[in-house]
Amino acid sequence: MKVFTAVAATSLAAGASAENWMGFNSGAVKTDNSAKFKSDWLQEFKTAQGLKGAPGTFNSVRLYTNIQSYSESDPIEAFEAAIETKTNLLLGIWTSGTTSIDKELTALQKAIDKYGDKFLDLVIGISIGSEDLYRDSATGRANKGGVGNGPEQIVKFIGDYKKKFADSKLGKVPIGHVDTWDVWPNSTNKVVIDAVDWVGLDEYPYYETGKHNSIEQSGQRFDSAFNKAKAAIGGKPIWVTETGWPTDGPKWDEAQPSVENAKYYWNEIGCRQLFNKVPTFWYNLRDSNGENKQTFAITENLSTTPKFDLSCPKTFKTPTDGDSSSSASKSATASGSATASGTSSATGSASTSGSGSGSSGSESGSGSSSGSNPASGSGSQAGSASSGTPVPTAGANSVQIFSAAFTAIVAVAVGATTLL
Ligand SMILES: *[C@@H]1O[C@H](CO)[C@@H](O)[C@H](O)[C@H]1NC(C)=O
Ligand SMILES: *[C@@H]1O[C@H](CO)[C@@H](O)[C@H](O)[C@H]1NC(C)=O
């Protein structure tokens, strides 16, 4: 197999913001749907910062909601743990299946009142929404991705946030929207691109059914998707908000979970294209959804000794011609080892590919409107992993916990109907 050097790979980073944060996604609940508390996040954040062999410091975290699980609008306890460990916060506001984000905004206001600058100075960005456009897209509906939200509604929420925090430091943090990579080339969603400071991409080659999604193709699949999204967003910075490869679990089309493959993916996507080049929130340090058959955690029981060597190699296996700016097919042809199929699928339409699904949202969110029960997640389409699936729980309040993504994946796999 031909080995390519890293030198040419840096062009993906063009358009990235100046600070290339490194972190993980972190849901609001554990795999048994119980709430996470401050001590849980303390453990996560300490492990993230202490990971042996890491190619940088994982001292940032992406959250899906600001609301502590099973509360009405109390600030999530992750904030206190972040303050104690100096962990940077990419905040998230859960926006699927709702017409109001008031509870999220209330939780943020309470956090400001309680912690002041100790909290505010850690906030590196906020995502208004997570995979809502995906869930509301043709592919999301086909995959029974659950209730999402449309572009106009997301833009309205962005306006609500700006108005609420116009006189606060929170009004100055860069605002983004996270979604699966394939929603960005859809021109109906352009109003969202226009409304944000940065664009969040969830991208999982693992879930790209029908696109020759073996681990050996993952580098090309990732580059293809990234470049298509990049071409669609007109120069706004890209943050990769979710990506990863499962260490364990069932096969997904040609994609095989294993520790060895997770290491391959870490090298070829993380080291080659993302770490220290693009703000990156890996999926994941800890799994959050017990129903997901795939395990994405790179470490067991939050040990600082990961399942595989996190250090980065000097050379890579993914072919590149050094021009990642637009055409995926171009890069695919450059490859020595790639099969022909990689090339053809790269040029196809994004809608069939899935990437993602996996994870995230899951982690997530807290939702509040009990009427809607979005069941699930994401599909595979393009992308993203996560999707949040709000799982109604029996908490004291009527607040639902979205345990997203992982459930979503499972839902997709089994036909989703059982969750509905
Ligand atoms: C394009 O985006 C709009 C708005 O999000 C959505 O309703 C539509 O289904 C999307 N088109 C496809 C083909 O997914
Ligand atoms: C992780 O924790 C589980 C449950 O306590 C335990 O069964 C397992 O052996 C632990 N794994 C390691 C590597 O310590």
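Guide: A polar side-chain atom of Asn-189 lies 2.7 Å from an oxygen atom of ligand 1. Taken alone, ligand 1 exposes 360 Å², and the protein buries 64% of that. Such areas come from the Shrake-Rupley method with a 1.4 Å probe; for residues, only the protein chains shown count as cover. This is a predicted model: local features need pLDDT of at least 70, side-chain atom pairs count only at pLDDT 80 or more, and totals for chains, interfaces and linings use all residues. Residues are numbered from 1 along each chain as its sequence is written, chains are lettered from A and ligands numbered from 1 in the order written, and side-chain values use heavy atoms, without hydrogens and water.

Visitor: What makes Arg-141 a polar contact of ligand 1?

Guide: A polar contact is a pair of N or O atoms within 3.5 Å. A polar side-chain atom of Arg-141 lies 3.2 Å from a ligand 1 oxygen, so the pair qualifies. Ala-138 uses a backbone N or O atom, at 3.1 Å.

Visitor: Why is the pair Tyr-204 and Phe-296 called edge-to-face?

Guide: Rings of Phe, Tyr and Trp (its six-membered ring) pair if their centres lie within 6.5 Å; planes under 30 degrees apart are stacked, over 60 edge-to-face, the rest tilted. Here the centres are 5.9 Å apart and the planes at 90 degrees, so the pair is edge-to-face. The structure holds 23 aromatic pairs.

Visitor: Why does Tyr-204 count as buried?

Guide: Buried means under 20% relative accessible area, exposed over 50%, partly exposed in between. Tyr-204 has 0%, so the residue counts as buried. Phe-296, at 1%, is buried too.

How values were computed
Polar contact = N/O pair within 3.5 Å; in protein donor to acceptor, adjacent residues only side chain to side chain. Buried < 20%, exposed > 50% of the residue type's maximum accessible area, 1.4 Å probe, protein only.
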